[in-house]
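I opened this entry to record a few local features.

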Amino acid sequence: MPAADPPAPAPDQAPPPHPPPPPPPSPRPRPLSLASALPFWFYLAAAVSLLALLLPHVLPSSSHAPLPPPLLRRHLAAGRVLKLDPSPGLFAVSSEPAPAAASPHRVLILPGLAAGSFSFRRVLSSLSARGVPAAALDLPGQGLSPTPPAAAAAPASASALREIMDRGVFHAFEHLVQTGEVPYQEAAAAGTPTPASSPYTPAEAAAAVARAVEALGVAPVHLVLHDSALAAGAAFVAANPAAVRSVTLIDTTASLPAFPAAVFDVPVLGKLVLRVPALFRGLVRLCCARRMGAEEAEAHLAAMRGEGRAQGVVEAWKAMNHSFELGEWRRSSEEVARLPVMVLWSGTWSDKWIDEGKKVVAALPDAKFVYHSGGRWPQEEAYEEISELITEFVTSTPASLEQQSEEYPSQHADH
């Protein structure tokens, strides 16, 4: 019999389905990069900034200014604002030893940018405990000194804002973390001319110091200059050499201050740093003093929040004399050349900063040079070490130089 044909499929029976195609290979995971993370950080920063700006207007606020932290209150009570003519007045604080232990050597400290006399409070106490009378002056518009009368307005610089727009919001943060320095500082300082009559210029600040020294009646003094106070202090010495017995430089600079004042000149970022204590404390630890405590940082922040204080720091930074040369100052007169000079420099901060110290050694080959264990604000971290070195130096001043400096009151009275 012939083989039967296979049964024909039912008309409603579908053909067997084709197997599904294999899934496409999964893409290889891409490594995370700074560029891929930027959108997240941008929106996070924008949200935090907006929140920081809106909270003061949303939350109920008191009509009274908040009390300063206890540390700052004690410092304010220990000092006073000197009423000088012409203005500006300067905040001065002093620490006197017991009369029986008092030394004829008197120290006057000019703090650097944003540091203020508050940062030297323990150095002053330590000096007086060693029998050395000591005082500190806040330069015009800095520390706790009142804001000077408004000078002629200088045109605003948009260079920092332009850099942010061109290079991205987080370029500044990346640069800060990698180098410990805030970008745009030199460009902004160079791009904004400072009026010659500005009270923040080194010459005007030196004149204010001279008036304060006369009001305090402390001349002649052993002058201690910290950080950016170098140019103003040097100008004071050059104009009043008989009022100075010796000069001590503590991590001084004419163009690279420890505190990144440019932060306050950046839109939004400056207000954010002033309103968020953790950001301010992190900035100070990164750039000035790595071991600063929370209580000390809170007091510094409270002082910076005073009326016009942050802007005063910016103006003082813009007015810095970037062309100042230590060697030229040392050779400017015989009186300046004869002054004993000591340089105290951080040997632990960074290799770059140690190289800056070597430049100071080259400019002042006859100066005593000592490395200390603190940061760029050693008065906060190594105050006992700093006060001991200053005491040893000022009490070893040659007697002949002391006798010569005693002529200052009669010479000053003739002017």
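**Helix 7 against helix 8**

I looked up the handedness of the crossing between helix 7 and helix 8, and it is right-handed. I note here that the model is a predicted one. The two axes come within 8 Å and cross at roughly 60°. Helix 7 and helix 8 are therefore oblique to each other.

Next I listed who makes the contact. Helix 7 brings Pro-202, Ala-205, Ala-206, Val-209, Ala-210 and Val-213. Helix 8 brings Ala-231, Ala-232, Ala-235 and Phe-236. By class I get 10 nonpolar residues in this contact, with no polar and no charged ones.

**Cover over helix 8**

How many of the 10 residues of helix 8 are buried? I find seven, so helix 8, residues 230-239, is mostly covered, given that buried means under 20% relative accessible area. The buried ones are Leu-230, Ala-231, Ala-232, Gly-233, Ala-234, Phe-236 and Val-237.

I then asked what covers them. Helix 7 (202-216) is one of the covering elements. Among the others are strand 3 (107-110), strand 5 (221-226) and strand 6 (244-250). The cover also includes helix 13 (326-330) and helix 14 (334-338).

I turned to strand 4, residues 134-137. Ala-134 and Ala-136 point one way, while Ala-135 and Leu-137 point the other way. All four of these residues are buried. The general rule applies: in a regular strand, side chains alternate between the two faces of the sheet.

Which way does strand 2 run relative to strand 4, parallel or antiparallel? Strand 2 (residues 90-95) is antiparallel to strand 4, and four bridges join them. Strand 3 is parallel to strand 4, with three bridges between them.

I checked Ala-136 for partners in both pairings. Val-93 stands opposite Ala-136. Ile-109 also has Ala-136 as its bridge partner in strand 4.

**Cis peptide bonds**

The bond from Asp-85 to Pro-86 is cis, with omega near 0°. Pro-86 is in the loop between strand 1 (79-82) and strand 2. The bond from Ala-219 to Pro-220 is also cis, again with omega near 0°. I place Pro-220 in the loop between helix 7 and strand 5.

For phi, I kept the background in mind: most residues other than glycine have a negative value. Ala-114 has a phi near 70°, which is positive. I find Ala-114 in the loop between strand 3 and helix 3 (121-129). Is Ala-114 buried or exposed? Its relative accessible area is 9%, so Ala-114 is buried.

Val-268 has a positive phi too, of about 70°, although it is not a glycine. Val-268 sits in the loop between strand 6 and helix 9 (269-275). Its relative accessibility is 38%, so I log Val-268 as partly exposed.

**Glu-356**

Last, I looked up a charged residue in helix 15, residues 351-363: Glu-356. Its relative accessibility is 18%, so Glu-356 counts as buried. The cut-off that decides this is under 20%. Which residues does Glu-356 contact, leaving aside neighbours within four places in sequence? I find Leu-256 and Trp-345.

Notes. Residues numbered from 1 in each chain as written. Predicted model: local features only at pLDDT ≥ 70, side-chain atom pairs only at ≥ 80, totals over all residues. Heavy atoms only, no water. Buried < 20%, exposed > 50% of the residue type's maximum accessible area, 1.4 Å probe, protein only. Helix = DSSP H or I, 4+ residues; strand = E, 2+ residues; numbered from the N terminus. Contact = heavy atoms within 4.5 Å. Axes fitted to C-alpha atoms, helices over the stretch in contact; angles between N-to-C directions. Parallel < 35°, antiparallel > 145°, perpendicular 65-115°, else oblique. Left-handed = near helix turned anticlockwise from the far one by under 90°. Pairing = 2+ DSSP bridges.
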